[in-house]
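These are my notebook entries on one structure.

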Amino acid sequence: MGVLIRGGTVVNADRSERADVYCSDGVIKAVGTGLDVPAGTEVVDAGGALVMPGGIDPHTHMEMPFMGTRAIEDFESGTASMLAGGTTMLIDFVIPSPQQSLTAALDDWSDWAKKAVADYSFHVAITWWSERVEQQMAECVDRGVNSFKHFMAYKGALMVDDEILFKSFTRCRELGALPMVHAENGDAVYLLQQQLLNAGITGPEGHALSRPPHVEAEAANRAIMIAQTVGVPLYVVHTSCREAHEAIARARAAGLRVYGEPLAQHLVLDESVYYSPDWEFAASRVMSPPFRTKDHQKSLWDGLVAGSLQVVATDHCAFLISQKKMGLDNFTKIPNGTGGIEERLKVVWHFGVNSGRLTPEEFVAVTSTNCARIYNIYPQKGRVGVGSDADLVVWDPKATHTISQKTHHSRMDVNVFEGITVTGAPKVTVSQGKVVWKDGQLDVTRGHGRNVKRPPFAPVFEAQAKVNDRTRPHPVKRTVHLQQTP
Ligand code: URP
Ligand code: ZN
Ligand code: ZN
């Protein structure tokens with residue numbers, strides 16, 4: 001049975017128009033007024049509402065084994081939560097443990113994701129290097145992965161050094177894949193952590209103190225310079241501070257294809273949380289990079305407005321308080337991660353659009369369309385248009401909602417946005433052409449999610465490579481004039 005979304009304003013990243021949307025067989029079949037639809041079509045009333053492409057969250061960690069424990073959100077609860085918040089697709093990180101085969105790790109994540117209730121896709125992390133890894137990167141690309149993440153932090157665990165960055169970025173360029181970085185100088189973080197522990201600082205405030213903005217900025221600059229040297233685009237995940245944003249903006253002004261991704265959490269929450277006398281409150285906010293002071297938030301919003309930052313994600317990585325307690329006596333052992341997959345759209349709408357910073361079209365760009373473009377799945381995703389997947393959110397810009405752990409759909413026992421009242425919320429979410437969220441109720445089916453394959457992107461890389469080729473050394477042809485002795 002098809003679905004007709006009637007009476008709303010369709011908002012795409014480039015324009016808005018009054019139009020109805022008819023979906024069947026999982027795709028959008030018509031956009032316009034006075035549509036002729038088959039009898040029995042389910043009608044969704046979108047009067048007074050906006051009809052937008054469903055959100056895409058390009059940064060999540062479902063069921064991820066990390067820091068001696070495992071993230072408690074699974075692909076079923078995580079994708080259900082995202083649908084309740086108007087997001088219809090996520091891209092999760094496959095993280096091979098060092099020495100583990102990339103494709104074996106991709107198999108594991110693919111198995112876990114079989115219970116997803118909505119569409120998903122994968123990035124793969126490069127956590128070590130060998131000829132086999134280099135070879136398996138091609139196999140990952142064949143399996144629909146066009147992006148590889150590199151951790152510049154988590155020394156002794158996931159961190160890779162500059163040599164691996166250079167080799168892997170080079171391989172990404174050959175394959176037409178996009179390298180991504182978690183930009184923090186892991187050596188500096190490690191040394192700062194030791195200094196703080198030696199000085200007796202063991203609480204969550206040590207987490208913020210050990211990861212100051214310049215530690216992030218140094219790594220972002222370094223990764224950008226390595227990408228420039230190799231001649232490959234770069235995506236900087238969870239950009240949290242002004243200095244890292246400036247590095248990205250500078251690179252873009254110099255003609256480099258560098259993308260920056262702030263998180264909803266960094267846009268709204270600040271580092272004061274780490275100084276709360278309530279250990280559980282502070283520890284449940286521990287993630288990397290940490291929340292920053294408010295002047296950094298302003299820079300991130302400015303970047304979204306100016307276009308120097310393109311995508312808002314969540315890095316949804318859910319741990320219970322009982323797991324956070326692994327670091328009760330030592331902040332370096334608190335599992336790093338926070339949630340937000342359900343709240344992302346509400347928070348960005350409320351603090352972005354209602355404040356006048358972003359237009360509704362820009363909201364669509366930073367929550368959906370830019371992500372689809374950067375990861376090469378546009379216009380299958382990220383657009384309300386004929387032929388695109390019927391992944392939609394009917395947005396009520398007047399609905400108010402107070403965010404709370406008591407009402408969220410995540411398995412987390414904390415919500416980092418607890419108590420914040422937002423205006424603007426999803427009235428209906430449509431996934432694969434089916435109404436899955438309506439009137440505060442989820443109607444989802446375990447296993448209905450599909451793995452969205454993302455092809456490599458040759459044309460962009462060819463252009464980038466040409467820019468870089470001008471700076472490559474060529475052997476200089478010289479004529480040697482031998483002096484004749486008289
Ligand atoms: O603290 C975070 N961000 N945890 C998830 C892993 C990562 O660094 O992305
Ligand atoms: Zn990270
Ligand atoms: Zn992450």
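Entry 1, terms and cavities. I worked on a 1 Å grid over the protein atoms alone: a cavity is a set of points where a 1.4 Å probe fits but cannot get out, a pocket is an open set with protein on both sides within 12 Å along at least five of seven lines, and lining residues have an atom within 4 Å of a point. Grid points are joined across faces, edges and corners, and a volume is the space filled by probe spheres set on the points. By this rule I get 3 cavities of 30 Å³ or more.

I note the basis here: this is a predicted model, in which local features need pLDDT of at least 70 and side-chain atom pairs count only at pLDDT 80 or more, while totals for chains, interfaces and linings use all residues. Residues are numbered from 1 along each chain as its sequence is written, chains are lettered from A and ligands numbered from 1 in the order in which they are written, and side-chain values use heavy atoms, with hydrogens and water left out.

Which residues lie nearest the centre of the largest cavity? I find H61, F66, Y154, D315 and N336 there, out of 15 lining residues. The volume of the largest cavity is about 100 Å³. I sorted linings by class, with Ala, Val, Leu, Ile, Met, Phe, Trp, Tyr, Cys and Pro as nonpolar, Asp, Glu, Lys and Arg as charged, and the others, Gly among them, as polar. The largest cavity then has 6 nonpolar, 7 polar and 2 charged residues in its lining.

The second largest cavity holds about 60 Å³ of space. Its lining includes H316, E342, H408, S410 and M412. By class I count 4 nonpolar, 6 polar and 2 charged residues for the second largest cavity.

S410 is in the loop between β17 and β18; helices (H or I, at least four residues) and strands (E, at least two) are DSSP runs, numbered from the N terminus. Is S410 buried or exposed? S410 is buried, because its relative accessible area is 14% (buried is under 20%, exposed over 50%, partly exposed in between, with a 1.4 Å probe and protein chains only). Its side chain makes a polar contact of 2.6 Å with the side chain of E73, and it reaches the backbone nitrogen of M412 at 2.9 Å. A polar contact is a pair of N or O atoms within 3.5 Å; within protein, one must be able to donate a hydrogen and the other to accept it, and residues adjacent in sequence count only if both atoms are side-chain atoms.

Donors are N, O and S atoms within 2.8 Å of the metal (3.2 Å for Na, K and Ca); water is not among the atoms, so sites may look incomplete. For the zinc ion (ligand 3) I list H59 (NE2), H61 (NE2) and D315 (OD) as protein donors, at 1.9 to 2.2 Å. Their spacing along the chain is H-x1-H-x253-D. H59 and H61 are both buried.

Four donors count as tetrahedral if all angles lie between 85 and 135 degrees; four count as square planar and six as octahedral if opposite donors are over 155 degrees apart and all others between 65 and 115; anything else is irregular. Around the zinc ion (ligand 3) the 4 donor atoms subtend 85 to 136°, so I log the arrangement as irregular.

The zinc ion (ligand 2) has H182 (ND1) and H238 (NE2) as protein donors, 2.1 Å from it. H182 sits in strand β14 and H238 in the loop between β15 and α8, so the pair ties together parts that are 56 residues apart in sequence. Both H182 and H238 are buried. The 4 donor atoms of the zinc ion (ligand 2) subtend 57 to 145°, which makes this arrangement irregular. I find 3.7 Å between the zinc ion (ligand 2) and the zinc ion (ligand 3).

The largest pocket has a volume of about 540 Å³. Closest to its centre, of 26 lining residues, are F66, M67, Y154, K155 and A157. α5 gives the most to the lining of the largest pocket, 6 residues. By class this lining has 13 nonpolar, 9 polar and 4 charged residues.
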